[in-house]
Amino acid sequence: MIRLHYANRLESLIAPLADAIATQQRARPLERVTIVVPSRVIEHLLKHRVSEAIGIAANLEFPFLRRFLAGVLKAADPKVRILDVEELELVLFESLCAALRDNSRDFHAPRSYVEMGQGTEGEKELRTFRLARQLARLFREYSITRRPMLQKWIRHIDADGEQVSETEKWQQQLWISTFDANGYLRSEWKDNPEYDWRLLPDAFEAVSASRLKAALPPVVHVFGLAYAGPAYVRIFSQIGNLTEVNIYALNPCLEFWEDVEHLSRINRESWARHHSRIGSDLEQSNDPFNLDAAGDTPTLRLWARPGREY
């Protein structure tokens, strides 16, 4: 079950969190309370404010979101390993080196970058590693926000009449040479075949609900995240079916959106009333909720879209 608490001031979210912690600790005093936070600053703030509200802040743990989810997966299936940026950049470095050695035409742009000038082999290797580091961050974000695109890449599906850029072509080839059709890291890039290396969203899809339920704490609090990508929204939904999830979210404007009457709100409500219409457009449309409508405040229209959608 998911409970959503949200406010336009961070301080207003502390009271319901403190009440939930007190209730949980009265029922299970020896059990650690898990509070997912976006930064250590928020952690220190909560420790002080919770202690002021209920008298003491003890037996609390404050993991970051990715660390918490990776820990749940490892407890659910010890063979699962999560590819984060540090591990992925090493894999992509090896994969890039192999692709550049093959002289594929699709890799003309990265080859031009790596071989520019009259650099030594050491300089070329350094540029390859820098490129791999940037791609590791990019591929991790793709796994969170661009799942439909990755599915097209894996299935070799090209939209009718859509022009695919040269950049997308070589990134697609690099992705396919690194991951198999099920999202597993290919065997040639693994040191130990015993472990299944995957990106976080793919790993959650692969682990059974019964194992996840056994690995999850009875209550999870998620506090102060500005937004979560589409993959995280699906993971929260999955976890919410298995345990109690309390989300404390900020609304990034003075007024609540539900209290402001304008054209874009009316359009969003019409989408919500017609769920069958919104289903496919959430994946296909760049603006399924018509957030770019002129009736919205320009600041919110330009900067608050992630918070509204996710």
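Me: Which residues have the most contacts inside the largest nonpolar core?
Reply: L69, L73, F204, L212, V222 and Y232. That core has 29 residues. Bear in mind that this is a predicted model.

Me: Which helices and strands each supply at least two residues of this core?
Reply: Helices α3 (65–76), α9 (200–206) and α11 (230–240) do. So do strands β4 (80–82), β6 (219–223) and β7 (244–250).

Me: Which element gives the most to this core?
Reply: α3, with six residues.

Me: What is Y232 in contact with, leaving aside its neighbours within four places in sequence?
Reply: L65, R66, L69, I144 and L200.

Me: What about another core, apart from the largest one?
Reply: There is one of 27 residues. Its members include L83, L135, W170 and F179.

Me: On to aromatics. How many aromatic pairs does the structure hold?
Reply: Eight. Take F107 and W170 as one of them. Their ring centres are 6.2 Å apart and the planes meet at 50°.

Me: Why is that pair called tilted?
Reply: The 50° angle between the planes is the reason. Under 30 degrees would count as stacked and over 60 as edge-to-face, so the rest are tilted.

Me: Where do F107 and W170 sit in the chain?
Reply: F107 is in the loop between α4 (85–101) and α5 (108–114). W170 is in helix α8 (residues 166–178).

Me: F107 and W170: buried or exposed?
Reply: F107 is buried, at 4% relative accessible area. W170 is buried as well, at 7%. Both count as buried because the cut-off is under 20%.

Me: And Y142 with W153, what sort of pair is that?
Reply: Edge-to-face, because the planes are at 90°. The ring centres are 5.8 Å apart. Y142 lies in helix α6 (residues 121–145) and W153 in helix α7 (residues 147–155). The pair therefore ties together parts 11 residues apart in sequence. Both residues are buried.

Me: Which charged ends sit over rings?
Reply: R81 has its charged end over the ring of Y195, 4.0 Å from the centre. R198 has its charged end over the ring of Y184, at 3.9 Å from the centre.

Me: Change of topic. What is the phi of N59?
Reply: Near 60°, so a positive value in a residue other than glycine. Most residues other than glycine have a negative phi. N59 lies in the loop between α2 (40–54) and β3 (60–61). Its relative accessible area is 28%, so N59 is partly exposed.

Me: Where does Y6 lie?
Reply: In strand β1 (residues 2–7). Y6 is partly exposed, at 32% relative accessibility. The C-alpha atoms of Y6 and A249 are separated by 4.6 Å, although these residues are 243 apart along the chain.

Me: Now the whole chain. How many helices and strands are there?
Reply: 15 helices and seven strands. The chain has 310 residues, and 42% of them count as buried.

Me: What share of contacts between residues at least 6 apart joins residues at least 24 apart?
Reply: 69%.

Definitions and conventions. Residues are numbered from 1 along each chain as its sequence is written. This is a predicted model: local features need pLDDT of at least 70, side-chain atom pairs count only at pLDDT 80 or more; totals for chains, interfaces and linings use all residues. Side-chain values use heavy atoms; hydrogens and water are left out. Helices (H or I, at least four residues) and strands (E, at least two) are DSSP runs, numbered from the N terminus. Buried means under 20% relative accessible area, exposed over 50%, partly exposed in between (1.4 Å probe, protein chains only). Contact means heavy atoms within 4.5 Å. A nonpolar core is a set of buried Ala, Val, Leu, Ile, Met, Phe, Trp, Tyr and Cys residues joined through side-chain atoms within 4.5 Å. Rings of Phe, Tyr and Trp (its six-membered ring) pair if their centres lie within 6.5 Å; planes under 30 degrees apart count as stacked, over 60 as edge-to-face and the rest as tilted. A charge sits over a ring if NZ of Lys or CZ of Arg is within 6 Å of the ring centre and within 35 degrees of the ring normal.
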